[in-house]
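Subject: Handover of a structure

Dear colleague,

Please find the structure below, followed by an account of what was found in it. I would be grateful if you would read the two side by side.

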Amino acid sequence: MSLPGPDQGDGTYRNPVLNADWSDPDVIRVGDDYYLTASSFGRVPGLPLLHSRDLVNWTLVGHALARLEPAAEFSRPRHDCGVWAPALRHHDDRFWIFWGDPDQGVFQINAPGIRGPWTRPHLVKAGKGLIDPCPLWDEETGEAYLVHAWARSRSGTGNRLTGHRMHRDGRAVLDEGKVIVDGDRIPGWFTLEGPKLHRHDGWFWILAPAGGVATGWQGAFRSRGFFGPYEERVVLEQGATDVNGPHQGAWVRTQAGEDWFLHFQQRGAHGRVVHLQPMRWDDGGGWPVLGADGTPVAAHRKPDLPPQPPAVPATDDDFPGGRYGRQWQWTANPRDGWATQHSADGLRLTCVRSAAADDLRRLPNLLTQRLPGTVAVAEVDLTLHSEEPGARAGLAVLGDAYSWIGLQRGTDGGVRLVHRFAERTAGRERDAAPSHPAPGGRVRLRVGLGAGARCRFSADLGDGFRPFGLVFTATPWQWVGALLGLFALAPAGRGHAGAATFTQFRLVPLHRLDPQHRFDPQHR
């Protein structure tokens with residue numbers, strides 16, 4: 001049972017077309033196929049790869065980055081670091097992804113096909129604060145170029161775009177770089193970033209956002225020469241709509257000759273959801289016009305492409321043979337033995353020992369997926385197979401603050417249902433509700449995800465679901481939306497601490513829930 005998608009079944013769609021945290025999207029067309037990647041920050045595997053035939057119905061087909069490098073730096077969670085704002089391109093019969101790591105520089109990987117095999121990350125340009133790179137192989141001149149933005153938090157500078165000539169093999173820049181757009185020289189412009197570089201109608205085009213993640217706008221810049229001078233125009237802004245900060249994304253032209261633009265909208269704990277806007281070119285001045293004359297559309301006719309079956313990225317999982325689906329990512333580079341395969345269904349997570357067992361935000365062994373942007377219910381069955389006092393496992397809503405519900409082995413040998421949380425500034429978690437005996441060490445867990453990311457936890461110990469604790473409001477990190485997570489852990493010590501098994505993970509639209517199990521996530 002999938003969450004509701006954008007396809008209305010009548011030739012139209014409703015935004016967002018990706019209703020979860022697919023941050024900083026970039027999209028290309030290769031033949032009749034469309035591919036999208038997005039920021040993955042510190043989660044592993046990184047660089048998600050999505051596929052569509054109509055720009056509306058998307059499926060997750062894999063990831064391009066198996067591990068983050070340097071591996072030791074990402075052996076622990078670095079939630080807002082890692083992979084920022086990738087650019088996806090197809091050149092010379094290969095797929096290319098460039099991205100910025102704000103602490104290291106500009107990286108690149110490439111592959112003969114979207115499913116790989118992908119090369120190991122190659123550092124194209126080293127430096128602090130280098131973000132949002134985008135390459136261009138100019139078929140008109142035979143030159144290759146690279147443009148990138150700057151993170152003020154790392155470099156002390158920002159609001160400008162730097163351009164380079166680049167070696168055609170994509171492995172190195174050929175000069176020291178030049179500021180080709182300086183936002184400080186444009187009245188009212190700030191936080192200029194996220195450039196996407198194109199060649200069109202004899203112009204170099206840079207489509208770049210400004211104004212900040214939650215409140216910004218989409219800009220377009222054009223010049224007859226790559227190094228400028230550029231003229232600018234605002235081509236998409238909120239206007240009278242409820243779509244705040246509509247910006248940073250991708251222009252793509254269909255095989256039918258239509259132009260479309262995908263961008264994100266920051267929605268708090270739900271992260272950056274993705275919208276699809278129609279795009280045309282102004283006959284008067286040759287500038288792009290996005291959405292409804294420069295403001296976002298809520299609904300629109302679908303692109304003029306062959307009809308496709310409704311689809312959304314997978315969320316549910318039966319964990320066949322102990323394997324987890326593509327929708328799951330670890331909060332750091334994984335180690336062998338965290339999840340073990342077996343002959344039956346169910347995710348078997350080892351209770352990893354940790355001195356940080358009382359703060360899930362510090363643990364690398366959380367298996368997570370994106371918090372949905374729609375009202376929904378997440379459910380999973382849990383069995384704890386550990387005799388270790390303090391061993392625990394559960395279902396979490398993870399962000400700058402977090403809360404979880406699950407099972408823990410007590411010092412008396414019994415298993416109890418526990419519900420805990422940690423505030424943003426707290427260094428360790430505490431109880432959110434009194435614990436309850438859990439005979440047999442089995443339970444079905446649930447979290448209701450209401451409007452405004454208000455979450456209500458409940459559990460079924462065999463006599464029906466009962467709510468536990470108060471409403472918890474999910475919170476994002478600085479740049480990353482909240483996550484749903486599964487985990488198993490144990491206090492520091494020696495020896496194997498057992499495991500936990502999760503089965504039948506489901507994300508159910510709230511309106512499809514069995515009436516006798518419905519509840520109000522807002523109720524305190």
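Thr191 is partly exposed, with a relative accessible area of 34%; here buried means under 20% relative accessible area, exposed over 50%, and partly exposed in between, with a 1.4 Å probe and protein chains only. Its phi is near 50 degrees, a positive value in a residue other than glycine. Thr191 sits in the loop between strand E13 (178-182) and strand E14 (196-200), where strands (E, at least two residues) and helices (H or I, at least four) are DSSP runs numbered from the N terminus.

The model is a predicted one, in which local features need pLDDT of at least 70 and side-chain atom pairs count only at pLDDT 80 or more, while totals for chains, interfaces and linings use all residues. Residues are numbered from 1 along each chain as its sequence is written, and side-chain values use heavy atoms, with hydrogens and water left out.

Asn159 also has a positive phi, near 65 degrees. This residue is buried, at a relative accessible area of 4%, and belongs to the loop between helix H1 (152-155) and strand E12 (160-166).

Two cis peptide bonds deserve mention. One runs from Val44 to Pro45, with omega near 0 degrees; Pro45 lies in the loop between strand E3 (33-37) and strand E4 (46-52). Another joins Gly228 and Pro229, with omega about 5 degrees, and Pro229 is in the loop between strand E16 (217-223) and strand E17 (231-236).

Arg420, in strand E31 (residues 415-422), counts as buried because its relative accessibility is 14%. Its side chain and that of Gln408 are joined by a polar contact of 2.6 Å (a pair of N or O atoms within 3.5 Å; within protein, one must be able to donate a hydrogen and the other to accept it, and residues adjacent in sequence count only if both atoms are side-chain atoms).
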